[in-house]
Each structure stands twice: as structure tokens, then as C-alpha cells.
Amino acid sequence: MVRRQNLKCGMLLSFFLVSVGLFFAFREKSSLDITDSRDLHRVTQKLLSVADPTGPHLQGDNIYYDDSTTTLMPPQSRKRHVLLIVAHGRSGSTFLADIFNKHPRVFYVFEPLHDFQKHNRDRSDYDEFARNFLVHIFQCDFSVGNSTRDIGRFYRFKSRVLSSPPFCKYKQDDPSWNWYYCLPVKQKDLEQSCRGHDTTVYKLLLERIPGQSIEKLFEVCEVAGIECKVIHLIRDIRPLVMSSQKVAFFKEIDSREKPSMKRFVYSRCEMTERNLNLMKEFRSFLRSRVTLVRFEDLAVEPLRVLDYFYEFAGLEVLENITNWVVKITQPSLKDLKAEGRRAVSVIRNSLEVLNKWRLVADPCYVHVIERYCRDVMKLMGYISTEGSVEMLRNLKIPLFTEIYQAQSR
């Protein structure tokens, strides 16, 4: 009897121990499942929903978490500014824009009108259509047209933000970064990231904006209810034309008469001169929101220009950006070879770029350009060679003055 009771107690004890073991095993498995499901959720939510450890972090739809202060901030706690970099193609605008792109407070979009113009250039109401498009994207509304698709496809990886979490698994400067780990850009994420940065920078080519007019851009900003500032970048028309032909911005149909080149030169100089004259007539509050710079000054004194532009944009100068500017304007031979002289590149020896064109340019070609652009060259302080081959080839003779008329306008 006693033996049977002991056996019964032993069985109960064994059952109890097994039950306890199963309970804790199940509990541990459940924790692992929850952890795994959270990890999977993070992956499906674009591999961690943080935008940048040095800037505002995305936390859902309406709250932004700042690691530096461990406080929660509403997305509109800081006034958002829009900075527009306006230039002709081949003016060095990619380099200038990248100076801003490197800043953690900046959301940068590379040429949002590129695909837009390609698909709408033949419309009779292109200017009005482009105006409406810009109103929306200046407000961080990327629902208009194909703006999300186009921004996510065309030169997306020129933007630090669009190449980093939550759009990509790794930050762009991480050694593990690869486009393979980047997910398609979604409208909601694009809009959240745009609104989560207090400065948005757009690079726009003058020939694509409404009316080819900086004045029209300020009208767009007024309709959008956004405070905009404009940097108008200008480069010597002579190397600009040569570089434009090299990348097939225009194709010559008659090597003797050069009608294509003449049309291209006239259109660029006419646009530049017209906008310089418009800026001269701006009311004082608009004049304070637009600044003019030559590519040549940026190339000769990049750090001085960097300080000026960051002050203009209301951004603080960071040491890592200063170091980056020095590296790309005075690169090593290894850096230059690795870059491969791509068409859109920021790694160049800036002083070399300034004068290289003079050694290979056809003097007759240069003389035609100078004749068509005499007035605007004078306004911007560019010196005409007047057909002199010796002056063109002698790199000790500068072809631009330190002070120019348009500065005082």
C-alpha cells in the first residue's frame, strides 16, 4: 500500500516537473517568437525606422525622436526652409549642391524637374504645369504626377537621405553600403523624411524652371506658403558650352556654320542676362533671399564660399564637411582614377578644371561664343580673349576679374 502511494507521489512529482519545464520552455520560445516577429517587422518597415543618428528620427506618422536630447518633438516644431540652387547644366551645380547634401539637417533632391520636363516639354502649358508640380513638392507633397517614382529612380543615390535608413539598410558612408540593400522609395516615407528635416534643398536647372525665371520661383514659393532662398550659380560660358557639347546637350549639324552651338550659346546667355536684370529690380526683401556666385570663385576659394553659403542658409559649418570639401577640391591621384571622370562627378581638381578648357579650345569657337555673350560676360567679370590665341593659351593670364558688375546690383 505504502509502495503504491510512493509510486503515485513520484509520478505526480515527475508530471509536475515536466509541466514546469514545458511552461518555461514555452515561455522562452514565445519570447523568441516575439523578438523574431519584432525583428521581421523592423525589416519590413525598411530595416529600422531611423533616418539619421545625427538628425530627427522617424517614429510613426507624427512624432520625431531626437537622440541628442531624448525628448519628443512634433514634426513642425522648427520652421522649414527651402533652398533652391539654380544654374545651367555643366556649371558645377552638382558640387555646390553636394556641399549642402552632406549636412545632417538637409533633405536634398537632385533635379526633380529632370524627368518631369522630359515627359512634359511639348505641353503648351508647361510653365503652369511645372509651377503646380513645384508647389506640391516644396510642401513635401509627393503625390503630384510621378514625383515619388521619378525622385526614387533618377539619381536617387545622389541624395544622402535617400541612400540611408529608412530607405536603405546602411548609411551611405558605411563600408557595408550597397544599392542592393536599398528598398523602393515610398511616398509616405519620402514625405515624412522631407518634413523631418528643417532645410530642404532642390537643385534646378534654369532651362527647366517655369518661365526660365528666378522671379517665377519666388512666386511658386509664395503660393506654396514656404520661405525660399535662391543661390544662382553662374559659370564662364566658354567652358560651359564645351562641356555641354561633350555630354551631348546639343549636337552640331553643320561643323562650318555651327548653328546648333550658336542657338545653345544664345539661349544660355539670354536666360542669364534676363535673370540678372530681373534680380536687379527685386524688392529689398527678395534681394535678401537670393545670392549670386560664380563657379570660378567656388573653385578658387571653396572654404570661404562654404562659410558664406551656410550662413546664408542658416546652417552651422561642420568639421567633417570642411574636410570633405578640401579632399574633393584637392584630390589625390588615386581618388581621381577611382572616380573615372564620370559625367556627373564632384571629385575634381577644381583649379585644374578652371583652366583645362583653355588648352584644348578652338580659338575660333571661343571667339564666336564671346561675340554672342559679350554683355553677360562683362556683367559677370569674364574677360574676352578677342581672338588672341596667346591670351587663350597663357594660363598665367586670368580670364575673370575678382570684382564684377553684377555683384553690386
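Student: Why is I234 called buried?

Tutor: The relative accessible area of I234 is 6%, and buried means under 20% relative accessible area, while exposed means over 50% and partly exposed lies in between, with a 1.4 Å probe and protein chains only. Since 6% is under 20%, I234 counts as buried. Please keep in mind that this is a predicted model, where local features need pLDDT of at least 70 and side-chain atom pairs count only at pLDDT 80 or more, whereas totals for chains, interfaces and linings use all residues. Residues are numbered from 1 along each chain as its sequence is written, and side-chain values use heavy atoms, with hydrogens and water left out.

Student: Which residues does I234 touch, not counting residues up to four places away in sequence?

Tutor: Contact means heavy atoms within 4.5 Å, and by that rule I234 touches T272, L276, L292, V293, R294, F295, E296, M380 and Y382, once residues up to four places away in sequence are set aside. The C-alpha atoms of I234 and H88 are separated by 7.4 Å, although the two residues are 146 residues apart along the chain.

Student: In which strand is I234 placed, and what makes a stretch of residues a strand?

Tutor: I234 has its place in strand β7. A strand is a DSSP run of E with at least two residues, a helix is a run of H or I with at least four, and both are numbered from the N terminus.

Student: What is the order of the strands in the open sheet?

Tutor: The order is β5-β6-β4-β7-β8, and the pairing is parallel. The strands β5 (106–110) and β8 (290–294) are at the edges with a single partner strand each, so one side of each has no neighbour in the sheet. From one strand to the next the twist averages 20°.

Student: What makes β6 largely enclosed by the rest of the structure?

Tutor: Seven of the seven residues of β6 are buried, so the rest of the structure largely encloses β6. Both faces are covered, with T199, V201, K203 and L205 buried on one side and T200, Y202 and L204 buried on the other. In a regular strand the side chains alternate between the two faces of the sheet. As for its partners, β6 pairs with β4 over seven bridges and with β5 over five bridges, both in the parallel sense.

Student: Why is the aromatic pair of Y108 and F110 called edge-to-face?

Tutor: Rings of Phe, Tyr and Trp (its six-membered ring) pair if their centres lie within 6.5 Å, and planes under 30 degrees apart count as stacked, over 60 as edge-to-face and the rest as tilted. By this rule the count is 18 aromatic pairs. Y108 and F110 are 6.4 Å apart, centre to centre, with 85° between the planes; 6.4 Å is within 6.5 Å and 85° is over 60, so the pair is edge-to-face. Y108, at 1% relative accessibility, counts as buried, and so does F110, at 6%.

Student: Why is Y155 called partly exposed?

Tutor: Y155 has 34% relative accessibility, and therefore counts as partly exposed. Y155 is placed in the loop between α5 and α6, and its phi is near 50°, a positive value in a residue other than glycine.

Conventions. Pairing = 2+ DSSP bridges. Axes fitted to C-alpha atoms, helices over the stretch in contact; angles between N-to-C directions.
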